[in-house]
Amino acid sequence: MMALSVPNNGHGRVSERQLVARVVDGDPAAQRELYDSHVDRIYRLAYRLAGEDELARDFTQLTFIRAFERIGDFRFESSLATWLHTIGVSIALNGLRKVKTARTREAPIEAAAAIGTITREAEPDLKVRLKAAIDSLSEKYRTVFLMHDVEGYTHDEIGAALGIPPGTSKTRLFQGRAKLREALADFRGEWINE
Amino acid sequence: MSEEDRIDEIIRSAASEYNRPPETPRDEMWSAILAARSAPGPRLHVTAGGAPSGYTTKRRFGAQYAWIGMAAAAVLLIATGVGIGRWTNRSTEQTIAESPSPVPTTPNDEIRPSPPPITEPPQAPSSTEAQPTPRTQEQIRRAPVIKGTGRLTPISPNTRVASAPSSNIYQVAMVRHLADAEVLLTSFSLGSRDDAMNAQFAGWAKGLLSNTRLLLDSPAGDDPRRAKLLQDLELVLAQIVQLAPDARAEDRQLIEGSIQQGHVMTRLRTAIPADSTRILER
């Protein structure tokens with residue numbers, strides 16, 4: 001699991017304020033510094049959600065473009081990382097919805113019918129099965145599962161980024177995990193006997 | 001560890017391979033961000049296949065006409081104001097005509113003879129024979145013309161050498177520019193809040209922003225009071241240029257707040273002389 005790239009101690013917040021002030025003043029070096037401090041986590045999350053480099057790049061770029069446009073509105077009510085993730089997750093989820101809608105319109109009916117009906121005989125490999133299971137999770141479960149179990153965000157961070165209470169994040173993770181266990185039920189005996 | 005916890009752990013471990021990200025393409029993305037930020041207004045459009053298909057703006061037929069209508073209304077408003085100003089200032093016109101100094105650009109400017117320019121040529125006309133030379137007429141004919149999003153012709157640094165004719169050229173350019181800026185800001189304040197309008201304003205402001213910066217670097221920016229006005233105008237125009245087509249109401253309010261806090265409209269109107277029509281005719 002990864003830790004937050006920006007510390008939350010007092011010194012971190014002071015330097016963060018200075019950095020934001022410089023960015024608001026239009027300092028190009030400060031803009032690059034802000035970008036370098038956060039781009040890895042934003043891009044990683046965007047890639048986990050999108051699964052494609054091109055989309056992940058678009059989402060990441062739009063996140064920073066919008067952040068620089070609105071940095072003057074940032075009021076330090078949360079950490080800069082949380083604020084950036086709020087923008088980033090919103091852009092990624094909205095973008096994915098648009099892409100999904102467009103692709104569903106174009107996808108052949110046979111391909112759509114096959115989604116979620118993969119059997120172990122057809123696809124015995126766990127990773128492939130797991131990928132299909134995660135892909136078939138609804139957005140709210142999938143996002144929380146990827147952020148918490150894969151990228152290591154805390155429920156507080158997930159709640160702030162998604163605009164939901166941390167308790168809701170826990171509930172969604174619990175339910176998402178249950179759906180994955182159910183989807184991979186035919187591996188159960190194998191895992192228990194290991 | 002319970003059975004479920006154990007299964008969850010196995011799933012979590014296997015899921016680390018799910019959509020495993022490659023190394024972050026930092027520099028490439030940064031270049032794209034800089035490029036996108038220098039192109040105002042338009043937004044990245046993601047195609048059905050997920051690939052960006054370029055930067056596009058939404059345009060609506062009705063919105064375009066609304067923009068033209070508002071601009072025309074604003075021009076009419078200014079023309080009426082200028083007309084009233086000329087009518088009320090007739091009594092001072094004679095004094096201005098006799099003055100050897102350049103035409104004042106603000107009503108607050110005192111009308112007084114200006115000191116002789118440092119590089120005044122020996123054949124410079126006296127105040128009693130203040131007829132423009134053919135060269136001056138040519139310069140005035142070639143004076144930068146700003147219309148809507150048009151560009152101001154870049155000014156050579158050599159023209160910074162003070163001289164009355166070139167000073168007049170910058171006066172003309174300055175007055176035209178300030179009048180255009182007033183039209184934009186009036187339209188912006190009165191404008192509707194839809195995406196297409198934001199894109200229109202951004203495009204319009206981009207041209208004016210270039211001209212503002214050119215004027216700041218020209219002799220017209222030597223006057224501290226005008227320079228301050230141009231700097232404040234530059235800030236407002238830059239904000240409008242960066243206004244996204246789908247900007248929130250708060251973004252617009254921030255810009256309108258900047259205009260109000262800096263008293264930009266009042267200062268613009270004050271800086272446009274009452275006899276601006278006469279200056280522009282020259």
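Residues are numbered from 1 along each chain as its sequence is written, and chains are lettered from A and ligands numbered from 1 in the order in which they are written. In this predicted model, local features need pLDDT of at least 70, side-chain atom pairs count only at pLDDT 80 or more, and totals for chains, interfaces and linings use all residues, while side-chain values use heavy atoms, with hydrogens and water left out.

The secondary structure of chain A consists of ten helices and zero strands. Here helices (H or I, at least four residues) and strands (E, at least two) are DSSP runs, numbered from the N terminus. Of the 194 residues in chain A, 45% are buried, where buried means under 20% relative accessible area, exposed over 50% and partly exposed in between (1.4 Å probe, protein chains only). The accessible surface of chain A is about 9,600 Å², and carbon and sulfur atoms account for 53% of that surface. Accessible areas come from the Shrake-Rupley method with a 1.4 Å probe; for residues, only the protein chains shown count as cover. Among contacts (heavy atoms within 4.5 Å) in chain A between residues at least 6 apart in sequence, 67% join residues at least 24 apart.

The contact between the two chains involves 52 residues from chain A and 44 residues from chain B. The size of an interface is often given as the accessible area lost when the parts come together. For chain B and chain A the buried area is about 4,600 Å², with 58% of it on carbon and sulfur atoms; this is the accessible area (1.4 Å probe) that two parts lose on being put together, summed over both. Within chain B, the residues that lose the most area to chain A are Tyr18(B), Arg26(B) and Trp30(B), which together make up 16% of what that side buries.

Between chain B and chain A there are 16 residue pairs in polar contact, both residues being at pLDDT 80 or more. A polar contact is a pair of N or O atoms within 3.5 Å; within protein, one must be able to donate a hydrogen and the other to accept it, and residues adjacent in sequence count only if both atoms are side-chain atoms. On the side of chain B that touches chain A, two or more residues come from each of α1 (3-15), α2 (26-38), β1 (43-46) and α9 (249-261) of chain B. The most come from α1(B), with ten residues. By residue class, this side of chain B has 21 nonpolar, seven polar and 16 charged residues. Ala, Val, Leu, Ile, Met, Phe, Trp, Tyr, Cys and Pro count as nonpolar, Asp, Glu, Lys and Arg as charged, and the others, Gly among them, as polar.

Side chains of opposite charge can pair when their charged atoms come close. The structure holds 23 salt bridges over all chains, a salt bridge being a side-chain nitrogen of Lys or Arg within 4 Å of a carboxyl oxygen of Asp or Glu. Seven salt bridges are counted between chain B and chain A. In one salt bridge, Arg181(A) pairs with Asp8(B), with the closest N and O atoms 2.7 Å apart. A network of salt bridges links Arg32(A), Asp36(A), Asp40(A), Arg26(B) and Asp27(B).

Within chain A, Arg48(A) and Glu151(A) form a salt bridge at 2.8 Å between the closest N and O atoms. Arg48(A) lies in helix α2 (residues 28-50) and Glu151(A) in the loop between α7 (139-150) and α8 of chain A, so the pair ties together parts 103 residues apart in sequence. Both Arg48(A) and Glu151(A) are buried. Lys131(A) and Asp135(A) also form a salt bridge, with the closest N and O atoms 3.4 Å apart. These two residues are four residues apart in helix α6 (residues 126-136) of chain A, about one helical turn. Lys131(A) is partly exposed at 37% relative accessibility, and Asp135(A) is partly exposed at 40%.

Most residues other than glycine have a negative phi. Phe76(A), which is not a glycine, has a positive phi of about 60 degrees. Phe76(A) is located in the loop between α3 (53-70) and α4 (80-106) of chain A and is buried, with a relative accessible area of 17%. In chain B, Asn19(B) has a positive phi near 45 degrees. Asn19(B) lies in the loop between α1 and α2 of chain B and is buried at 11% relative accessibility.
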